[in-house]
Amino acid sequence: MDFGGWDMPLHYGSQLDEHHRVRRVAGVFDVSHMTVVDFADPDPTRALLRHLLANDVARLYPGKALYTCMLNEAGGVIDDLIVYDRGETGYRLVLNAATRDKDLTWIAPHAERFGAAWRERDDLAMLAVQGPEALARLESVLGADTLTAVRALKPFHALETDHGFIARTGYTGEDGVEILPSAATVPELWDQIVAAGVAPCGLGARDTLRLEAGMNLYGRDMDETTTPLVSGLGWTVAWEPAERDFIGRAALERQRATGAPQTFVGLVLEERGVLRGHQHVFDDGREIGQITSGTFSPTLNRAIALARVDTGVGARCQVEIRGKRLPARVVKPPFVRHGRALIE
């Protein structure tokens with residue numbers, strides 16, 4: 001299927017089997033469509049990113065990563081991304097594929113103003129290997145020494161290896177790594193990983209896994225019309241130090257002062273049915289919001305969703321599905337993490 005101009009696999013045979021394989025063993029995703037941008041000079045780049053991003057890269061140190069949003073002046077989310085501190089080598093940003101053009105158009109003039117040189121790394125590929133046995137399966141591929149160094153990494157840390165840049169980050173709620181090898185070597189690496197007993201997985205399983213893990217998807221759960229404060233991403237905004245004037249800060253401070261009109265919640269359907277994006281949510285006959293992402297959870301064997309609803313929502317609500325309003329329970333995401341159900 002087309003995704004951001006890329007031909008992407010929806011599945012390699014069974015989306016359901018791929019989902020369970022990641023939760024129980026390990027799966028590999030070809031996510032080479034992600035946009036990788038490198039900034040070579042640490043000092044001007046640090047100043048740029050402290051202005052450009054809602055989270056604060058001053059919290060980073062070499063090898064550390066953080067998740068953040070890039071905002072417009074109104075506080076709307078242009079994109080969500082990960083920043084890696086590579087020490088003297090500079091910083092690496094991993095952006096979404098579907099937002100590539102607008103992201104780079106937004107970044108370019110700001111980078112020029114700060115004197116921060118950058119380049120898109122279309123010479124790199126990206127594989128995500130996720131699951132409770134991901135690291136064990138990779139030993140025969142990466143070698144014992146490299147795997148020992150990878151195992152020593154804490155979550156949201158990365159290192160440079162002979163196999164490429166390896167980060168303890170992911171999008172499934174499971175253990176694993178994201179590997180950025182050269183595009184020239186990635187076919188061979190993919191074959192080696194699959195030969196080690198790691199199941200190839202497509203976009204379908206990636207979506208159900210990330211939703212179970214309570215992770216946002218750009219364009220569904222947030223966009224330029226929504227702020228982090230109404231998208232469950234308030235934790236990604238670094239308010240201190242108060243003098244850091246990042247783009248969108250004034251708008252976010254106004255919304256924080258008056259109280260966000262909406263909140264981001266998880267929903268669990270209490271009857272048979274499937275929750276989907278754009279379905280309307282009700283409370284005692286009054287519409288209070290919409291589902292942003294919904295699916296049938298293979299791990300929980302029930303329908304789950306993320307939804308943006310009026311602040312102050314109670315423990316129960318109703319979702320309109322094909323003209324009927326079915327009862328749902330309001331919960332705090334994530335639904336599943338490290339293979340374990342976090343809701344009853």
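In what order do the six strands close into a barrel? The order is 14-17-16-15-18-19, with antiparallel pairing. Strands here are DSSP runs (E, at least two residues), helices are runs of H or I with at least four residues, and both are numbered from the N terminus. Two strands pair if DSSP finds at least two bridges between them.

This is a predicted model: local features need pLDDT of at least 70, side-chain atom pairs count only at pLDDT 80 or more, and totals for chains, interfaces and linings use all residues. Residues are numbered from 1 along each chain as its sequence is written, and side-chain values use heavy atoms, without hydrogens and water.

**Stop one: a strand pair.** Select residues 280-283, strand 15, and residues 316-321, strand 18. Two bridges join these antiparallel strands. Find valine 281: valine 319 in strand 18 stands opposite.

**Stop two: a helix on the sheet.** Select helix 7, residues 203-212. Helix 7 packs on the sheet and touches strand 16 (286-297) and strand 17 (302-310). Contact means heavy atoms within 4.5 Å.

**Stop three: two helices.** Now select helix 2 (residues 42-52) and helix 3 (residues 100-114). They pack at an angle of about 130 degrees, with their axes 9 Å apart. Axes are lines fitted to C-alpha atoms, for helices over the stretch in contact, and angles run from 0 to 180 degrees between N-to-C directions.

Show side chains. Helix 2 brings residues including Pro44 and Leu48 to the contact, and helix 3 brings residues including Trp106 and Phe114.
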